[in-house]
Amino acid sequence: RAAGGGPPPPAVSTGGGSMCFPVRADSLDFVSVNFGGRRSSGSRCHAGIDIFTKRPGIAVAVADGVVTNTFNFLRCRDGWGGPGQTIAVMVYHESLGQTMNYGEIDASGVSVRTGQRVTKGQQIGRASHCGMLHFEVYTGRRTSNLRWTPPSGNSVRRIGTKDDCARRFMSTKPSQVVDPRPIVRQLGSSMCGGSSSQRSASQSRVASVLRVDNPLLLVDVMEDELATASETMVSAAGSGASSADEQLLAIIIGVAAALVCAVVACACVVGAFVVLRRRRTTTASDEMMYTNARPTMGSARASATASRRSHYAGAARASRTSRYPAGGSARRSRRAYGGGGGGG
């Protein structure tokens, strides 16, 4: 039974290799259990699951089907294939009664077109620009994806869980959106492509992440026989989730505040040390300048004294010269005057 009272997702038959994991065995890096995670700053819930790829990054059809639509999806820049535009490829698988969104396929690496029939394991495209395949599952035949948002006035939490919406906001999930985790878990035993060792390693990797007892995987969207017990467990866990998150947030804020205070204190100590060092350097420099300047000051005083003496001596001579402008003539006149008086 599905969460919220809806019909259960159809079981996926993987016996005899009748289906394929959506990423080829030689292209699987790891699976992120992030259905219902935070998107768009908490205003949107993640409606799929991310299957991270590595070279060659080949996505394949999980079963026979028909491509109902292809359209622009995201522009990514952090993947191993470099930046670029990606495409969503919607494939309706009649045997499952479901449409799969093979999202974030490189626009330059799409291998199918709208209206084309595909077979199990056929290459859908390359997923490298985002470094992952975004995988969504919908009931019935669809040509576009759907958005899942939390209730009005609520926001998806950043801390504490990768699947906050799946834990708290299943009531607002569009009924056509199917939790892909159980399907991906079952498909993990049916790897296609690659060598036998690659298939075995990829199967183990998927099984370890999406095992039934993994606390990150909601068991109340799995098999019917687990539904009753799981709903009780999820309800009990949900009642304490809010307080636990608040405590975790308080601890993180406290640690951050302590780190800020420590940084400020260190900055103050370093600033005080720099100021004291500059003062000591300035004082020593002033003393050195004064010591070096004393001989110069003495020479300057001696030079000034000599200059003043020279100036006063010159002034005195000039004064005498102006007072007696013709000294020789005056002496001759006095001699002549004295001589003339004696003759009379």
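Modeller: The protein chain exposes about 19,100 Å², of which carbon and sulfur atoms supply 56%, the areas being computed by the Shrake-Rupley method with a 1.4 Å probe, and for residues only the protein chains shown count as cover. This is a predicted model, in which local features need pLDDT of at least 70 and side-chain atom pairs count only at pLDDT 80 or more, while totals for chains, interfaces and linings use all residues. Residues are numbered from 1 along each chain as its sequence is written, and side-chain values use heavy atoms, with hydrogens and water left out.

The protein chain holds five helices and twelve strands; these are DSSP runs, helices being H or I with at least four residues and strands being E with at least two, numbered from the N terminus. Of its 344 residues, 35% are buried, where buried means under 20% relative accessible area, exposed means over 50%, and partly exposed is in between, with a 1.4 Å probe and protein chains only.

Now to the part you asked for. Side chains of opposite charge can pair when their charged atoms come close. A salt bridge is counted when a side-chain nitrogen of Lys or Arg is within 4 Å of a carboxyl oxygen of Asp or Glu, and by this rule the count comes to nine.

One of them joins Asp50 and Arg39, whose side chains meet at 3.4 Å, N to O. Asp50 belongs to strand β4 and Arg39 to strand β2 (residues 38-39), so this pair ties together parts that are eleven residues apart in sequence. Asp50 is buried at 4% relative accessibility, whereas Arg39, at 23%, is partly exposed.

Another joins Asp106 and Arg126, with the closest N and O atoms 3.1 Å apart. Because Asp106 lies in strand β8 and Arg126 in strand β10, the pair ties together parts that are 20 residues apart in sequence. Here Asp106 is buried, with a relative accessible area of 0%, and Arg126 is partly exposed at 29%.

Ser128 is itself buried, with a relative accessible area of 3%. Not counting residues up to four places away in sequence, Ser128 touches Gly79, Trp80, Gly81 and Asp106, contact meaning heavy atoms within 4.5 Å.

A further salt bridge links Arg157 to Asp164, with 3.0 Å between the closest N and O atoms, and both Arg157 and Asp164 are buried. Finally, Asp163, Arg167, Asp179 and Arg181 are linked in a network of salt bridges.

For the nonpolar surroundings, the largest nonpolar core has 33 residues, a core being a set of buried Ala, Val, Leu, Ile, Met, Phe, Trp, Tyr and Cys residues joined through side-chain atoms within 4.5 Å. Strands β4 (49-53), β8 (98-106) and β11 (132-139) are among the elements that each supply at least two residues of this core.
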